Amino acid sequence: YLVGYGSLMNSASQHRTSSFLGQETPVWVFGFKRGFYLNPSDRGPNSSFVSFSTTFLAIVRDSTAKLNAISIKLTKPSAIYAFDKRESSYCRVDVSSSIKAYKSPSLPKGQYWIYVGTKKHLPSKKYPIVQSYVDLFLSGCLRIEQQNKLPGFAAECVRTTSGWSSFWVNDRIY
């Protein structure tokens with residue numbers, strides 16, 4: 001299982017990486033904090049990460065934190081490698097012991113993997129938050145809320161996300 005907490009909560013974004021995706025289950029992840037922490041400088045000087053500068057969502061370890069997310073069943077186990085390539089500036093971590101179902105009593109048995117930021121960079125003038133990325137994230141949160149009849153799920157996504165910043169660009173016009 002893959003755990004999505006940012007753009008991977010958006011089904012179109014998931015399917016751009018792999019078609020080997022099954023059931024999604026809303027979950028809580030304990031011991032991690034979600035925030036706008038990842039920018040292209042995390043890729044190093046030879047990066048072809050993106051042609052623009054922005055700060056993306058990432059998680060960092062925080063023993064006092066929890067966040068809401070989804071688990072995504074991978075119907076072909078090797079599909080994880082397509083996500084590893086996509087998320088190459090993150091480190092894939094096993095969170096099987098740090099996760100529980102959002103509402104239902106239990107999760108299916110299996111390994112649960114999540115991508116953790118390797119450095120923590122807050123948004124800046126050089127690496128702002130872009131509205132199109134916020135739209136991608138929040139539309140995923142709203143979809144999960146509606147499909148699973150979980151009032152407040154999207155609001156919880158916002159509440160458990162730190163790093164919101166005045167370094168923000170409305171790129172919708174592009």
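**Contacts around Val 29**

Contact here means heavy atoms within 4.5 Å. By that rule, and leaving aside neighbours within four places in sequence, Val 29 is in contact with Val 3, Ala 65, Lys 66, Leu 67, Ala 69, Ser 98, Ile 99 and Ile 114. This is a predicted model, where local features need pLDDT of at least 70, side-chain atom pairs count only at pLDDT 80 or more, and totals for chains, interfaces and linings use all residues. Residues are numbered from 1 along each chain as its sequence is written, and side-chain values use heavy atoms, with hydrogens and water left out.

**Aromatic pairs**

Let's turn to the rings. Rings of Phe, Tyr and Trp (its six-membered ring) pair if their centres lie within 6.5 Å; planes under 30 degrees apart are stacked, over 60 edge-to-face, and the rest tilted. The count comes to 6 aromatic pairs. Phe 56 and Tyr 133 are edge-to-face, because their ring centres are 5.1 Å apart and their planes stand at 85°. Both residues are buried (under 20% relative accessible area, with exposed over 50% and partly exposed in between; 1.4 Å probe, protein chains only). Phe 36, Phe 56, Tyr 133 and Trp 164 form one aromatic cluster.

A further edge-to-face pair joins Tyr 102 and Phe 153, at 5.0 Å centre to centre and 65° between the planes. Tyr 102 counts as buried at 13% relative accessibility, and Phe 153 is buried at 0%.

**Charges over rings**

A charge sits over a ring if NZ of Lys or CZ of Arg is within 6 Å of the ring centre and within 35 degrees of the ring normal. The charged end of Lys 66 sits over the ring of Trp 28, 4.0 Å from its centre. Arg 92 lies over the face of Trp 113, at 4.6 Å from the ring centre.
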